[in-house]
Amino acid sequence: MVKITVDDRELEVEEHLTVLEACIQNGIFIPNLCFLKTRHHPHASCRLCFVSIEGYDRPVTSCTERVRDGMVVKTNTPEVRALQKSAFKLLMSLHPCHPKICPTEKPCLLMRIAKHIGVGLNPKPLEHIDRGLPDLVDFGPLYYVPNRCVLCAKCIHTCRTINQMPLLTFAKRGIMTMVAYFDGEQNTSICANCNACVDVCPVAALLPKSAFTSSVESRKA
């Protein structure tokens, strides 16, 4: 065990943890979208989990930094918030948010992050970018909503880990990047009895067809 201080709060944590894991275990919220406990090498793609650490000349991603005895961490400095707001606004410029017609009843992590760092879900002064992606993509027993996806890769990692083979992958490049599905009778059968990718998605970009249909019907009522 090592002792660290986070926002003036002293914590005793396991020495193998990252700063992000240590904070999560102690109820300290740091915005993040791509962290997965089972991923040995942090993806660090969402660029939201920045913290300031005493002795460092700039904020660092908390998912890639291991705790050390005596470490002093700040999660809410002006530099940290500026980086988080920039990353979040950029993300939201590709993620049109319409809570009233959102295709899920699942609580949205984006709303919690927006409230925590003090920004709206509108990316002002950036404009929304229409990437021309389809509204829905058929993934066998699932629907994929490309414009909701934040490309955190949690679904791809989880699918590969559970099924020992990737049924999901990234396709295309740049801002056109989206998740793709390896179609096939065997894969459809595996997906129909799994739903692990649905459970791990932080923004409900993957939905079982049955749940999606129910959601649409309830909104029509």
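Predicted model: local features only at pLDDT ≥ 70, side-chain atom pairs only at ≥ 80, totals over all residues.
Residues are numbered from 1 along each chain as its sequence is written, and side-chain values use heavy atoms, with hydrogens and water left out.

Strands here are DSSP runs of E with at least two residues, helices are runs of H or I with at least four, and both are numbered from the N terminus. Two strands pair if DSSP finds at least two bridges between them.

Look now at strand 7 (residues 142-144). Three bridges pair it with strand 10, in the antiparallel sense. Tyrosine 143 has leucine 207 of strand 10 as its bridge partner. Leucine 207 has a relative accessible area of 7%, so it is buried. Buried means under 20% relative accessible area, exposed means over 50%, and partly exposed lies in between (1.4 Å probe, protein chains only). Leucine 207 and leucine 142 are 65 residues apart in sequence, yet their C-alpha atoms are 5.5 Å apart in space.

A second pairing joins strand 8 (residues 168-171) to strand 9 (residues 178-181). These two run antiparallel, with four bridges. Phenylalanine 170 is bridged to valine 179 in strand 9. Six residues lie between the strands of this hairpin, where lysine 172 takes a positive phi near 65 degrees.

Next come the rings. A pair of aromatic rings is described by the distance of the centres and the angle of the planes. Rings of Phe, Tyr and Trp (its six-membered ring) pair if their centres lie within 6.5 Å; planes under 30 degrees apart are stacked, over 60 edge-to-face, and the rest tilted. The whole structure holds two aromatic pairs. Phenylalanine 139 and tyrosine 144 are stacked, at 5.1 Å centre to centre and 10 degrees between the planes. Phenylalanine 139 also stacks with tyrosine 181, at 5.4 Å and 20 degrees. That pair links distant parts of the chain, with phenylalanine 139 in strand 6 and tyrosine 181 in strand 9, 42 residues apart. Phe139, Tyr144 and Tyr181 form one aromatic cluster.

Phenylalanine 139 is buried, at 3% relative accessible area. Leaving out residues up to four places away in sequence, it touches Tyr144, Leu168, Val179, Ala180, Tyr181 and Leu206. Contact means heavy atoms within 4.5 Å.

Phe139 also belongs to the largest nonpolar core, which has 38 residues, and is among those with the most contacts inside it. Such a core is a set of buried Ala, Val, Leu, Ile, Met, Phe, Trp, Tyr and Cys residues joined through side-chain atoms within 4.5 Å. Several elements supply at least two residues each, including helix 2 (78-92), helix 3 (109-117) and helix 4 (154-163). A second, separate core has 21 residues, among them Ile4 and Cys49.
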